[in-house]
Amino acid sequence: MSDLGGATSRSSTDRELFGSVPPETSARMSAQKRVDTEPEMSLRRQLHAMGLRYRVNMPIPGMPRRRADIMFTRAKLAVFVDGCFWHRCPEHATHPVARGTWWRQKLDRNVARDRETDAHLRSLGWTVIRFWEHEDMASAAAEIARILAATQASGSQH
Ligand SMILES: [Zn+2]
């Protein structure tokens with residue numbers, strides 16, 4: 001057995017680094033990068049059970065840094081399941097008191113970005129449908145199925 005252990009000295013910068021990020025803040029920031037929320041998973045399961053096939057988290061055509069939660073590429077239908085907090089659901093939006101202005105601006109930007117994404121997709125001939133995460137996902141799945149059926153009926157027949 002060789003003894004590799006030298007004298008370990010903890011630098012004081014370790015403590016400073018760990019102490020510098022408030023854990024609640026970093027957790028909340030990373031929550032924005034959410035991909036698969038439970039309502040979205042539920043919707044996907046139900047669509048799949050209905051025999052519908054789709055792509056998830058695909059980059060939006062012409063906006064590679066933005067993604068649609070669920071996309072039906074042939075029907076050109078983009079589906080979003082929006083988080084009540086991040087996208088300002090009228091029923092559940094909360095307004096953080098701490099750093100209130102900063103949050104308001106940030107959430108305003110999110111909502112503006114949503115509208116911009118919708119307009120962009122529609123300009124390319126896509127249908128855009130958004131659900132709030134609090135909505136009943138069985139109804140959401142049924143609505144999507146109706147839209148797809150209507151799209152197929154009016155589209156070219158093969
Ligand atoms: Zn809500």
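Colleague: Why is Phe131 called buried?
Modeller: A residue is buried if 20 or more other C-beta atoms lie within 10 Å of its own, exposed if 12 or fewer, and partly exposed in between, with C-beta atoms placed from the backbone. Phe131 has 22 other C-beta atoms within 10 Å, so Phe131 counts as buried. This is a predicted model, in which local features need pLDDT of at least 70 and side-chain atom pairs count only at pLDDT 80 or more, while totals for chains, interfaces and linings use all residues. Residues are numbered from 1 along each chain as its sequence is written.

Colleague: Where is Phe131, and what is it in contact with, leaving aside its neighbours within four places in sequence?
Modeller: Phe131 belongs to strand 4. Helices (H or I, at least four residues) and strands (E, at least two) are DSSP runs, numbered from the N terminus. Two residues are in contact if their C-beta atoms, placed from the backbone, lie within 7 Å. Once neighbours within four places in sequence are left aside, Phe131 is in contact with Val81 and Ala140. Asp82 is 49 residues from Phe131 in sequence, yet the two C-alpha atoms are 6.1 Å apart in space.

Colleague: Why does Met41 count as partly exposed?
Modeller: Met41 has 13 C-beta neighbours inside 10 Å, which puts Met41 in the partly exposed class. Met41 lies in helix 3.

Colleague: How do you know that the length of helix 5 agrees with its number of residues?
Modeller: The expected span of a helix is 1.5 Å times one less than its number of residues. For the 18 residues of helix 5 (residues 137-154) this gives 26 Å, and the end C-alpha atoms are 26 Å apart, so the two agree. Helix 4 (residues 100-123), with 24 residues, reaches 34 Å from its first C-alpha to its last, close to the 34 Å expected.

Colleague: Which residues of helix 5 are buried, and how do you know that they are on the same side?
Modeller: The buried ones are Met137, Ala140, Ala141 and Ile144. They cover an arc of only 95° around the axis, so they sit on the same side of helix 5. The arc is that of the directions from the helix axis to the C-beta atoms. An α-helix has 3.6 residues a turn, so residues three or four places apart point the same way. The face turned away from the buried side of helix 5 carries exposed residues, including Ala138, Arg146 and Ser154. Among the elements covering the buried residues are helix 3 (38-49), strand 3 (77-82) and strand 4 (127-132).

Colleague: What makes helix 4 lie largely in the open?
Modeller: Of its 24 residues, the number buried is one, so helix 4 lies largely in the open. Strand 1 (residues 55-60) is hardly covered either, as the count of buried residues among its six residues is zero. Over the chain, buried residues make up 16% of the 158 residues.

Colleague: What makes a set of residues a nonpolar core, and what is in the largest one here?
Modeller: A nonpolar core is a set of buried Ala, Val, Leu, Ile, Met, Phe, Trp, Tyr and Cys residues joined through C-beta atoms within 7 Å. The largest here has 19 residues, and those with the most contacts inside it include Leu43, Met71, Val79 and Ala140. Helix 3, strand 2 (63-72), strand 3 and helix 5 each give two or more residues to this core. The most come from strand 3, which gives five.

Colleague: How do you know that strand 1 and strand 2 pair?
Modeller: Two strands pair if DSSP finds at least two bridges between them. Strand 1 and strand 2 have five bridges, in the antiparallel sense. Val56 has Ile70 of strand 2 as its bridge partner, and Pro59 has Arg67 of strand 2. The two strands form a hairpin with two residues between them, and Gly62 in the turn has a positive phi of about 80°.

Colleague: In what order do the four strands form the sheet, and which are the edge strands?
Modeller: The four strands form an open sheet in the order 1-2-3-4, with mixed pairing. Strand 1 and strand 4 are the edge strands, as each pairs on one side only.
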